[in-house]
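Reader: I've got the sequence and the model open side by side. Could you walk me through the pockets, a strand and a few ring contacts?

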Amino acid sequence: MRQPETETALKTERSRLRRAHERGLYDRETVYQVLDAMPLGHIGYQNNGAPSVLPTLQWREGDHVYWHGSSASRAIRAMEGAEVCLTVTCMDGYVLARSAFHHSVNFRSAMLFGVAEKVTDEDAKAASLKAMVDHIFPGRWDALRPMTRQELKATALMRMPIEEGAAKIRSGAPKDDEEDYALPIWAGVVPMAMELKPPQPDPANLEGVAMPDHLSRIRIG
């Protein structure tokens, strides 16, 4: 049976999973959920013919994924107009099976392929940087001093259309060989999650400056 177009929207020969294909999902909603859950991404690119990977904050606006860096960055210069690969992963647990071979992890990941482009329009760049701050720290942008022209100039903003890629998800209990279920060996899942700790104020804060209410709205994972 042919899958609906919405379920295969991002599937290509390059993004199609060859192994554990039952874990692959190609619909935008699933990929977007993974991207929105984890701000830390890794971008693979070629730097003078050598493979490199840049860890950086990423965020999504509609059907584009964005990241930023220094305008003087060699990585940013190498990415502009070039093919890149962006990955995001959330680890959800260790999976302990009855054999070492079947140990695994529960996770959600997304991998995207595309051509990186630099956002050069100053108004568009400023709006996207605001979107980044408000996505990770809801409500914080309006409490900050305004960004200066020099800061905007020193910051490079990259984006890539979300047109090709896949999500890969593993969840649930261990999957052992049938005969191993009779063995007296404990098996199961050790759940894990990223956790935000209580805020620690900067010792240089002015006396009487209270912790802002918007800190209660920060989420991750």
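Reader: Which residues lie nearest the centre of the largest pocket?

Author: Keep in mind that this is a predicted model. The largest pocket has a lining of 15 residues. Those nearest its centre are Arg 140, Asn 205, Met 211, Pro 212 and Leu 215.

Reader: And how much space lies in the largest pocket, and how does its lining divide into nonpolar, polar and charged residues?

Author: The lining splits into 10 nonpolar residues, three polar ones and two charged ones. As for the space in the largest pocket, it comes to about 360 Å³.

Reader: What about the second largest pocket: which helices each supply at least two residues of its lining?

Author: That pocket holds about 310 Å³ of space. Its lining has 15 residues, with Ile 136, Leu 196, Ile 218, Arg 219 and Ile 220 nearest the centre. By type, the lining divides into 10 nonpolar, two polar and three charged residues. The elements that each give at least two residues to this lining are α1 (28–37) and α3 (122–136).

Reader: Let's move to β8. Why is strand β8 described as largely enclosed by the rest of the structure?

Author: The strand covers residues 155–161, seven in total. A residue counts as buried when its relative accessible area is under 20%. β8 is largely enclosed because the number of its seven residues that are buried is five.

Reader: Which strands pair with β8, and in what sense?

Author: Strand β4 (residues 64–70) pairs with β8 over seven bridges, and Ser 70 has Thr 155 of β8 as its bridge partner. Strand β7 (residues 117–118) pairs with β8 over two bridges, with Glu 117 opposite Arg 159.

Reader: How many aromatic pairs does the structure hold, and is the pair of Trp 59 and Tyr 66 stacked or edge-to-face?

Author: There's one aromatic pair. Trp 59 and Tyr 66 form it, with 5.9 Å from centre to centre and 20 degrees between the planes. Planes under 30 degrees apart count as stacked, so this pair is stacked.

Reader: Are Trp 59 and Tyr 66 buried or exposed?

Author: The cut-off for buried is under 20% relative accessible area. Trp 59 has 1% relative accessibility, and Tyr 66 has 7%. So Trp 59 and Tyr 66 each count as buried.

How values were computed
Residues are numbered from 1 along each chain as its sequence is written. This is a predicted model: local features need pLDDT of at least 70, side-chain atom pairs count only at pLDDT 80 or more; totals for chains, interfaces and linings use all residues. Side-chain values use heavy atoms; hydrogens and water are left out. On a 1 Å grid over the protein atoms alone, a cavity is a set of points where a 1.4 Å probe fits but cannot get out, and a pocket is an open set with protein on both sides within 12 Å along at least five of seven lines; lining residues have an atom within 4 Å of a point. Grid points are joined across faces, edges and corners, and a volume is the space filled by probe spheres set on the points. Ala, Val, Leu, Ile, Met, Phe, Trp, Tyr, Cys and Pro count as nonpolar, Asp, Glu, Lys and Arg as charged, and the others, Gly among them, as polar. Helices (H or I, at least four residues) and strands (E, at least two) are DSSP runs, numbered from the N terminus. Buried means under 20% relative accessible area, exposed over 50%, partly exposed in between (1.4 Å probe, protein chains only). Two strands pair if DSSP finds at least two bridges between them. Rings of Phe, Tyr and Trp (its six-membered ring) pair if their centres lie within 6.5 Å; planes under 30 degrees apart count as stacked, over 60 as edge-to-face and the rest as tilted.
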